[in-house]
Each structure stands twice: as structure tokens, then as C-alpha cells.
Amino acid sequence: MYLEEKARQIRQQVVELIYRAGAGHIGGDLSEIDVLVALYYKYLNCSPQNAADPDRDRYVQSKGHCVEALYCILADLGFIPKEDLASYAQFASPYIGHPNNKINGIEMNSGSLGHGLALGVGMALAARMDKRSYKTYVLMGDGELAEGSVWEAAMAASHYKLNNLIAIVDRNGLQISGTTEQVMAHGDVGERFRAFGWYVLDVADGNDMQHLCAALDEAVAYTAGPVMLIAHTVKGKGCPSIENKVTWHHKVPTQEQMKVMQAELKAGESNE
């Protein structure tokens, strides 16, 4: 119940942040929030107190354009001051539209889609070479799976049997110019990663916290090689007025639309 409530709170903050900044990728932010909340509030060995510890877990947000949810979580956990978010997407602010490793809690700049998994492979290999205990987690969007570098990294992770690497695909089925299957069909993403030698976990409802955590428990316990978790999510999750609508990939809500979204999120809370 705590994680579900935290996810609702972060959704409310993201909607307001994007409205006030006049910029952001609201649809993908809302689809990924349950994954991020599960990771940051339950699984990641990473906190403001151990941010310099060489054995801290690493997180790479490969779908870097959906950074607003990550900023809100980092602020909530104390990595960054909450008041700093008021400068998001403003002139000269370090809080830009993609993860920026000048900000406490962010390991790597990302957002050039298709690069995050390769970065994660490098971090996981470094942990093995340095005899470190940390795990590396990578979150990708399904649209970026059209990038060839993803599959080069997938092949390397399997070759090196990186059992300290857990990757997640936010499989919401939509990208900037249409559905993923219209733009570049993926078919069964899980089968593709299995063919590359990964252990694959399929979460039919990737916005369901219990199902997510059950899959992450299994992923963390697996020791034979890299794990890919396919989280089937809903773009715009929590706000029925924008759910599964490709136009809300990076649309900024008006004040009236923002109020509707906040009311929807509030109604969702009362229905739990």
C-alpha cells in the first residue's frame, strides 16, 4: 500500500511540474512511475547517505526524455532540494529535459536513445572487474528498441553472463509518432531477448505494484546471467483523460487539463 500511495503522489507532482515548466514527456513519465517507485523505495541500494559508496547500486534511465518522474523521486528522497524543481526547464537550470550527472543521484547522462543498455553493461562489467557487489539497473522505453546499439549490448551482456545486470522495458506500446508496431514492429519483445540469451520476466500489468515487485524479487535472486523484465504499462497511467493517447507523448497540459488530471489521480486514490 505504501508503494502504491507513493506512486500516486509522484504522479501528482509530475503533472504539476510539467504544467508549470511548460515542458516534459508526460505520457511516458506516468507509465514508468510504478517501476521507478518500486526500484527507488524498495530495491536500489542507493541513498543520499551512500551516494559516494563504490558498492551502491547503479541506475541508468535510458529513456532519458522521461526525466521528470526521476527528478521528483530524487527530490522526495533527499538527493536534491525539493525547491530546486521550480527551476526545471528554465534558462541556465541544471535540471534539463534529460538526466544530467551534475545532479546528485544521477549516475550518467542519457537520452540519446539506445545507449543506456550499453552503459549498464559497462557498469556491470566494471563491478565484476573491481570485485564490487553492486547491481546495475537500466530502464528503457520500447520505442528505443529499434536502435541497433540495444542489441549489441544485449549480446554482450549475455556473452559475459552479467548476473549483476537487470534491465526493464517500459512496454507502453506508444512512441512519439505512433504505436511501436506501426513505427517499427517489435512483436514479442521477451522472445527476442530470450534469443539473445537473457532470462526474461514478463509482467502483464507493469503498473501493478505487487506484480512488479514479485518479478523484481525473482530478478534479484537470479544468478545465471542478465535479466530482462518486460513491464506492460499504460502510457499516461493514472489519468484516464490521456491514457493510451499518442498525442500525449510530450504534450503540455493546459491549466484546465492539469486540474482534470489531478482530479483523476485523486479519484484513483479514493478508489483504492
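H1 passes H3 in a right-handed crossing. Right-handed means the near helix is turned clockwise from the far one by less than a right angle, left-handed anticlockwise. This is a predicted model, where local features need pLDDT of at least 70, side-chain atom pairs need 80 or more, and totals for chains, interfaces and linings use all residues. Numbering runs from 1 along each chain as its sequence is written, and side-chain values use heavy atoms, without hydrogens or water.

Stay with H1 and H3. Helix H1 covers residues 2-21 and helix H3 covers 68-77. Both are DSSP runs (H or I, at least four residues; strands are E, at least two), numbered from the N terminus. How do they pack? The angle between H1 and H3 is about 120°, and their axes lie 9 Å apart. H1 and H3 are therefore oblique to each other. The axes are fitted to C-alpha atoms over the stretch in contact, with angles from 0 to 180 degrees between N-to-C directions. Under 35 degrees is roughly parallel, over 145 roughly antiparallel, 65 to 115 roughly perpendicular, and the rest oblique.

Which residues touch? From H1 come Lys6, Ile10, Gln13, Val14, Leu17 and Ile18. From H3 come Glu68, Ala69, Cys72, Ile73 and Asp76. Contact means heavy atoms within 4.5 Å. By class, this contact of H1 with H3 has 7 nonpolar, 1 polar and 3 charged residues. Asp, Glu, Lys and Arg are charged; Ala, Val, Leu, Ile, Met, Phe, Trp, Tyr, Cys and Pro are nonpolar; the others, Gly among them, are polar.

H3 has another partner. Helix H2, residues 26-43, packs on H3 at about 35°, with the axes 9 Å apart. H2 also passes H3 in a right-handed crossing. In H2, the residues are Asp29, Glu32, Ile33, Leu36, Val37, Tyr40 and Tyr41. They meet Glu68, Ala69, Leu70, Ile73, Leu74, Asp76 and Leu77 of H3.

Helix H4 (116-129) and helix H5 (148-159) pack at about 25°, axes 8 Å apart. That makes H4 roughly parallel to H5. H4 passes H5 in a left-handed crossing. H4 brings Leu117, Ala118 and Val121. H5 answers with Val150, Ala153, Ala154, Ala156 and Ala157. Here the contact of H4 with H5 has 8 nonpolar, no polar and no charged residues.

On to the spaces. The second largest pocket has a volume of about 270 Å³. Its lining counts 13 residues, with Gln13, Leu17, Lys82, Leu85 and Ala86 nearest the centre. H1 and H3 are the elements giving two or more residues to that lining, and H1 gives the most, with 5. By class, the pocket lining has 7 nonpolar, 2 polar and 4 charged residues.

How many cavities of 30 Å³ or more are there? The count comes to 1. The largest cavity holds about 50 Å³. Its lining is Tyr40, Tyr59, Val60, Gln61, Leu70, Pro99, Gly105, Ile106, Glu107 and Met108. Strand S1 (58-61) gives the largest share of that lining, 3 residues. The class count is 7 nonpolar, 2 polar and 1 charged.

Terms: on a 1 Å grid over the protein atoms alone, a 1.4 Å probe fits in a cavity but cannot get out; a pocket is an open set with protein on both sides within 12 Å along at least five of seven lines; lining residues have an atom within 4 Å of a point. Points join across faces, edges and corners, and volume is the space filled by probe spheres set on them.
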